[in-house]
Amino acid sequence: MKIVFFGSSHFALPALEGLIKSGFNIVCVVTQPDKQKGRHLHISSTDVKTLADNAGLAVFQPQDINSDDSVRYLKATAADLFVIVAYGQILSEEVLELSKIMPINIHASLLPRYRGAAPINYALINGDKVTGVTIMKVSRKMDCGPVISQKELQINEEDTAISLERSLSQLGAELLLETLKNIKNVKLFPQDELKATLAPKLRKSDGLIDWEKSAGEIYDLVRGTLPWPGAFCYYKSKLLKIYSVEKFMLFNKKNFSCGEIAEILKDGIVVAVGKGAVIIKQMQIEGKRKMTAAEFIAGHKVNIGEIFLSKK
RNA sequence: CGCGGGGUGGAGCAGCCUGGUAGCUCGCAAGGCUCAUAACCUUGAGGUCAACGGUUCAAAUCCGUUCCCCGCAA
């Protein structure tokens with residue numbers, strides 16, 4: 001069985017690794033082109049490309065996967081199966097039909113819940129206790145194809161989007177290998193459209209902290225938006241990224257307003273919020289590196305009564 | 001050469017504009033107080049002020065170059 005693997009981000013790595021280790025015939029790895037990235041616009045390639053190179057696989061990096069050239073290239077591979085994992089481009093129907101058996105995709109949620117680019121983040125931001133991975137047949141509409149297999153995963157209280165992504169990508173890889181055993185005659189289960197929810201790509205502004213919300217909601221925002229955009233607010237007209245907080249539910253609010261510093265501990269800053277309070281443990285002010293609350297307090301003359309804002 | 005902030009004892013910062021004795025909070029060490037403490041008081045150690053070059057009687061401070069870190073944008 002000839003497989004063409006499409007993937008670009010971190011999430012795709014365990015799946016590709018699993019396929020390689022299990023000895024599947026990967027005729028080509030398609031990934032996003034090398035791009036100028038970062039502060040000095042250095043050229044960098046995707047992790048998937050690095051892995052494929054190390055395994056000696058053919059790599060294809062089209063600017064536009066749906067162009068005539070790309071279609072010609074993919075057709076020439078005579079692939080039986082397309083495996084698409086966090087690739088970053090939407091494949092046209094013409095491209096999808098180039099695989100003889102079908103194109104399949106690993107999605108990091110229990111579809112039809114959380115269709116879209118950021119399912120892991122939304123599961124955390126919404127405070128879900130359970131999520132999972134889904135393998136489905138790719139259809140024209142994004143994440144709407146019929147489901148082939150699913151696996152659940154409990155979300156821990158300490159999980160962040162980073163740890164959960166790691167767990168789900170592993171789980172997804174396992175499920176992929178299992179599913180491939182019998183891929184030629186699997187059953188397809190159409191998604192229940194009524195239960196569908198969306199998890200669109202995050203924007204920077206999705207990380208902005210609304211201090212009117214409850215301690216639990218803010219905790220979930222902090223862990224759900226890592227590593228990007230990260231939860232943030234403004235302090236003395238500077239962007240302050242919040243990396244880690246603890247919930248403080250039994251907080252006596254008294255006269256503190258939302259976002260106001262209520263107490264300064266040795267290793268944390270207690271901030272009154274809509275319901276309860278949170279203790280900021282790790283943060284990063286604009287222009288500086290990430291630091292613990294203790295370090296931040298030592299250098300910034302933080303006072304009780306100062307307010308973390310949601311605007312500059 | 002995308003835009004912007006920064007590099008000062010172990011950590012975090014002030015000082016720089018307007019050159020002239022190295023400062024603050026914390027940590028560390030010793031001593032004191034205390035039934036006791038992450039509390040309080042006293043004392044102390046620890047710095048090529050990122051690097052190189054220039055201006056000057058004199059540079060952390062002004063000028064030039066390089067290296068490194070971070071925020072934004074993509």
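What percentage of the 312 residues in chain A is buried? In this predicted model, buried residues (under 20% relative accessible area with a 1.4 Å probe, protein chains only) make up 50% of the chain. Residues are numbered from 1 along each chain as its sequence is written, and chains are lettered from A and ligands numbered from 1 in the order in which they are written. Local features need pLDDT of at least 70, side-chain atom pairs count only at pLDDT 80 or more, and totals for chains, interfaces and linings use all residues, while side-chain values use heavy atoms, leaving out hydrogens and water.

Chain A contains eight helices and 15 strands, taken as DSSP runs numbered from the N terminus (helices H or I, at least four residues; strands E, at least two). Its C-alpha trace spans about 70 × 45 × 30 Å along the principal axes.

A look at one strand residue comes next. S149 sits in strand 9 (residues 147–154) and counts as buried because its relative accessible area is 16%. Beyond its neighbours within four places in sequence, S149 is in contact (heavy atoms within 4.5 Å) with V133, T134, I135, L175 and T179. With T179, the S149 side chain also forms a side-chain polar contact of 2.9 Å; such a contact is a pair of N or O atoms within 3.5 Å, where within protein one must be able to donate a hydrogen and the other to accept it, and residues adjacent in sequence count only if both atoms are side-chain atoms.
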